[in-house]
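User: Please take a close look at one part of this model. Keep it brisk, and give the cut-offs.

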Amino acid sequence: MELRFLGHAAFALSDGETTVLIDPFLTHNPRAAASADEVEATTILLTHGHADHLGDTVAIAKRTGATVVAIVELANEIGAQDVDVRDPNLGGTVTFDWGWAKLVPAWHTAVSPSGTAHTPAGLLIEFKGTTIYHVGDTCLFSDLQLVGRGREIDVALVPIGGHYTMDRHDAVDAARLIGAKTVVPIHYDTFPPIETDAQAYKADVEAQTSSRVVVLAPGETLSP
Ligand code: NI
Ligand code: MN
């Protein structure tokens, strides 16, 4: 399988047949690596409904017929727009023929652009046998260490930009708590308040934890 960074917090997981999009914020994303009218999608997974994560979800789902997974209040809003949805809450797992996704806690706030209040989440995902943890928008908190217990996390997608999430210093401790084989930094350099030094983050994590860091430019891929 291949994990493609689409910019900000957006990813496409694909094996060439099935594509799972995560947080497809493309149209107003100054660093988007794809346009909303060209991406493939079998399933779309959302951490929360802030505009920089919900993004083009509804348009892509309508064009592709993809099922959208979001926490129940946000799923209800999206489902009312004639989109197929699955609506777990925190702790819930939804299964598909490609694998499964589980909503796990994240410390953040969330109201959708249309005003739907909901609780933000992280996503623990198993796609075709590879385990990926999209941490979502969050500050540092100790329960990050619970998410991967009993299994190996292949790739963790960790915000480092600060201001709206943890910064690159707290994200070093997050990487240690998560314990993934590979960490990919996300949610930085998209807008001025979240500019940071991803190479410094890589150096710090690799000096202080057993994880390796892969810094992906938008459009680049990783094959875990
Ligand atoms: Ni957010
Ligand atoms: Mn965000």
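Which residue just after α2 takes a positive phi, and of about how many degrees?

Analyst: Gly 65 does, with a phi of about 80 degrees. This is a predicted model: local features need pLDDT of at least 70, side-chain atom pairs need 80 or more, and totals for chains, interfaces and linings use all residues. Residues are numbered from 1 along each chain as its sequence is written, chains are lettered from A and ligands numbered from 1 in written order, and side-chain values use heavy atoms, without hydrogens or water.

Helix α2 spans residues 57–64. Helices are DSSP runs of H or I of at least four residues, strands runs of E of at least two, numbered from the N terminus. Thr 57, Val 58, Ile 60 and Ala 61 are the buried residues of α2; buried means under 20% relative accessible area, with a 1.4 Å probe and protein chains only. They fall within an arc of 165 degrees down the axis of α2, so they line one face of the helix. That arc is taken from the directions between helix axis and C-beta atoms. Their cover includes β3 (19–22), β4 (43–45), α1 (51–54), β5 (67–69) and α3 (72–79), where contact means heavy atoms within 4.5 Å.

Next, the metals. Asp 52 (OD), His 53 (NE2), Asp 137 (OD) and His 187 (NE2) coordinate the manganese ion (ligand 2) at 2.2 Å. Donors are N, O and S atoms within 2.8 Å of the metal (3.2 Å for Na, K and Ca); water is absent, so sites may look incomplete. Asp 137 also bridges to the nickel ion (ligand 1), 3.3 Å from the manganese ion. Asp 137 is buried at 2% relative accessible area. His 187 is buried at 1%.

Definitions and conventions. Buried means under 20% relative accessible area, exposed over 50%, partly exposed in between (1.4 Å probe, protein chains only).
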